[in-house]
Amino acid sequence: MNRKASKRVVVFDTTLRDGEQSPGASMNLTEKLEAARALELLGVDIIEAGFPVTSPDDFDAVRAISREVRRPVVAGLARCVAKDIDRAAEALRDARKPRIHVFLGTSPIHRKYQLRKSRRQVMRMSIESVERAKAATHDVQFSPMDATRTEPDFLVQIVEAVIDAGATTVNIPDTVGWAMPDEFGRMIEHLFQNVPNISKAVIAVHCHDDLGLSVANTLAAIKAGARQAECTINGIGERAGNAAMEEIVMALKTRPDDFRDCWTNIRTERLYAISRLVSRITGLVVARNKAVVGQNAFAHEAGIHADGYLKERTTFEIMDPKAVGVARSKLVLGKHSGRHQFRRRLKALGFRLSSDEIDRLFFGPFKELADRKKEVFDEDLEALVEAEATTVPETWRLCGLQVATGTGGMPTATVELQENGKKAPVRDAATGDGPVDAIFRVMERITGVKLELKDYQLRAVTGGKEAQGEVRLEALCGKQTVSGRGVSTDVLEASAKAYLSAINRAVSRTGGAKRAARRPKAAAKRKKAKSGKAKRSSR
Ligand code: MN
């Protein structure tokens, strides 16, 4: 089969592997499973679920996702090291369609400084590793890491050799975001012209955004014949991130004329919802002006634009917002809205919540909000669900908050927190440099969890005087970054909720007592493996 002639572009999602390597983005098992289910519904062809050898958590995630998803291929990453490959194979054992993805640095820089190996040694390791993986799964992917800085002749040799050894997909990664679109396109073409057995494998690309060119490079490669695009939701990933799936998919869909009608299986109308989901579980905010899924992507401000748009949408809009799932109805909910209306609106916004969860949100946070705010907009609902529908156990709950502050005074916060399973709430007070600082200090004292605040952002969810405030923050707990989020019509309360959610996240990571109780075997294994999280490598 001539793969180049096929018009189908396979979508390989690495949100849970490369995306999780974004600083501050680590996800727990429940969150990864939630994302994997959403990726399956989105129509992703391959889910790279993790790098099993790096930690017991990564191993568990790959195993759990292998058991959970049915339609997509599940891939596990491995270096060209026997124990990596064996561990990946073990984690993928229950997958309906497993893929082992082995990688090795091939550029002179990586050979000399990272590997200290010759071309010949790198070649031998690659072949042996593909063969080892092939013995475990039929579906094997090989990536020559830092391919874009590898000598073209060596790249041709290694691609040919790994296909001969059984690789069914060969991925050409621009690991460091070095390539230029025309150059990268020529590189892929060069492989098609010079690798004699290239039609036996799918050629993939994996581009990074260090120069803001990851999507452009991916598209150039598709024009040159690449038929697998590696990407992440919202473009998250190492450093400046990976190519954003929503941008690649919508470029192909919007300009089929420029891509000889290449297509993907992605259900584009789910893109917006999954973008919000990934933002919620990673704590990584999507920039307002982000292409396709940013808050402003379909907003028209300039008078002449707005006027044209109102006369005919296509004057200033090349994509229909509905095609990516942005259905901005201005339907408003309020105090008298029923549970049914609330549920329907959440569904329309792309949230998949259980009946129990809907009840909890409706009778709790929603009623509370509707009491304080006359009109509840879609944005309010999104902020509410994203802040409240957390998958992190609520070890500590906010019962009361009182803040006294003023110019020249001494900001003081009194906080009452309830610990899960304890009878009485705990109350304490503290002063601080400002009211937010005072709140954080007293929470630290009550919970005993020490956080070092790294980032704090406050925004109004909608316009208007009575708009809700949303606080997102990032803090260090020891060496781990945790994120927190809170919304309220009172910005101090939003800050308190955000800080408490970060504390709960930190407790769930380090404590893990509850998780251990439920899964004794995994906990025992985790203990054995100690905390020694193997150094993550990146492609
Ligand atoms: Mn990468």
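Strands here are DSSP runs of E, at least two residues long, numbered from the N terminus. Keep that in mind for this predicted model.

**Stop 1: strand β12.** Select residues 452–460, which make up strand β12. Leu 453 lies in this strand. Because its relative accessibility is 37%, Leu 453 counts as partly exposed. Strand β12 gives the most to the patch, with three residues.

**Stop 2: the domains.** Colour the chain by its domain assignment: domain 1 (10–282), domain 2 (299–389) and domain 3 (396–522). Show domains 1 and 3. Their C-alpha centres lie 38 Å apart. Ten residues of domain 1 are in contact with nine of domain 3. About 770 Å² is buried between domain 1 and domain 3, and carbon and sulfur atoms give 25% of that area. Select Gly 24, Ser 26 and Leu 29: they supply 36% of what domain 1 buries against domain 3, more than any other three residues.

Next, show the side chains of Glu 31 and Arg 505. They meet in a salt bridge, 3.0 Å from N to O. The count between domain 1 and domain 3 is one salt bridge.

**Stop 3: helix α8.** Select residues 214–223. Is helix α8 mostly covered or mostly exposed? Mostly covered: eight of its ten residues are buried. Among them are Val 215, Leu 219 and Ile 222. Show the cover, which includes β6 (169–174), α7 (181–194) and α9 (245–254). Finish at Gly 225, which follows α8 and has a positive phi, near 120 degrees.

How values were computed. Residues numbered from 1 in each chain as written. Predicted model: local features only at pLDDT ≥ 70, side-chain atom pairs only at ≥ 80, totals over all residues. Heavy atoms only, no water. Helix = DSSP H or I, 4+ residues; strand = E, 2+ residues; numbered from the N terminus. Buried < 20%, exposed > 50% of the residue type's maximum accessible area, 1.4 Å probe, protein only. Contact = heavy atoms within 4.5 Å. Domains from an automatic or database assignment. Buried area = accessible area lost by both parts, 1.4 Å probe. Salt bridge = Lys/Arg side-chain N within 4 Å of Asp/Glu carboxyl O.
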